[in-house]
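Open the model in your viewer and keep the sequence panel beside it. This tour tells you what to select at each stop and what you will find there.

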Amino acid sequence: MRRSKWWVAYVAVLMLLTTLGCVSGKARVDGTVVNDTFAAEAFVQLKQMDITMGVAVDTVFQLTKVGLVSKEEYMRFDKLAVRANAAVRTARDAVLKYVEYRSQGLPANDFNVYVALALSAVEDVQDLRALYDERTVIQ
Amino acid sequence: MKFTVEEGFNIISLFTMWVQQAVAEGRKDFDAEKIGEGTRVKLDSYREQVARMPDSDD
């Protein structure tokens, strides 16, 4: 079989560019794609935090079901997770307000503080999940 | 530049696969208003289920 390095390189570059181009996240508000870069990035970040939270909650719940995490420990985790979830939703609302104000030409509020708070809260949940995860290794 | 039909077919198949994968990855657009709501529902459901579990000994 004859090989053409140039063709392989060309296709590889095309694949890379296509992948890079497509992977950028997009958020919609009322069906409209958010065009504001900062808001779109904040939404993508919050969405990722929410996915991370969802995985952590699923994991700890499963560990509770198999007895590696006690009921009391789950309830403590739940309180922390509820606070983190509230922080994510507060940050989401702040960014939604930002998008609304920007669309009306009004001065936008600073949502970055809320996003940072949400991130910190989600990291706390992740830390606790990691602590519980260690039990599966010990077992 | 010359390459066999088989090579060309392989390249096109591979490229198509990559494009499909990249497009699937790119479908990350989501409703911003719903961020966090699914997790909230999940937390409520799990809390109820755990509350119904028998108390642990420790």
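Select helix α2 (residues 37–52) of chain B together with α2(A). Their axes come within 10 Å and cross at roughly 10 degrees. Axes here are lines fitted to C-alpha atoms, for helices over the stretch in contact, and angles run from 0 to 180 degrees between N-to-C directions. α2(A) and α2(B) are therefore roughly parallel (angles under 35 degrees count as roughly parallel, over 145 as roughly antiparallel, 65 to 115 as roughly perpendicular and the rest as oblique).

A word on the ground rules. This is a predicted model, where local features need pLDDT of at least 70, side-chain atom pairs count only at pLDDT 80 or more, and totals for chains, interfaces and linings use all residues. Residues are numbered from 1 along each chain as its sequence is written, while chains are lettered from A and ligands numbered from 1 in the order in which they are written. Helices (H or I, at least four residues) and strands (E, at least two) are DSSP runs, numbered from the N terminus.

Now show the side chains between these two helices. From α2(A), pick Asp50(A), Met53(A), Gly54(A), Val57(A), Phe61(A) and Thr64(A). They meet Gly38(B), Thr39(B), Lys42(B), Leu43(B), Tyr46(B) and Val50(B) in α2(B). Contact requires C-beta atoms, placed from the backbone, within 7 Å. The contact residues divide into six nonpolar, four polar and two charged (Ala, Val, Leu, Ile, Met, Phe, Trp, Tyr, Cys and Pro count as nonpolar, Asp, Glu, Lys and Arg as charged, and the others, Gly among them, as polar).

Which way do they run? Contact residues include Phe43(A), Leu46(A) and Met53(A) of α2(A), and Tyr74(A), Phe77(A) and Val88(A) of α3(A). This contact divides into 17 nonpolar, two polar and three charged residues.

Next, select the strands. Three form an open, mixed sheet in the order β2(A)-β1(A)-β1(B). Strands pair if DSSP finds at least two bridges between them. The edges are β2 (32–33) of chain A and β1 (30–31) of chain B. β1(A), residues 27–29, pairs with β1(B) in the parallel sense over two bridges. Zoom in on Ala27(A), opposite Phe30(B).

Finish by selecting chain B. Along the sequence, chain B reads α-β-α.
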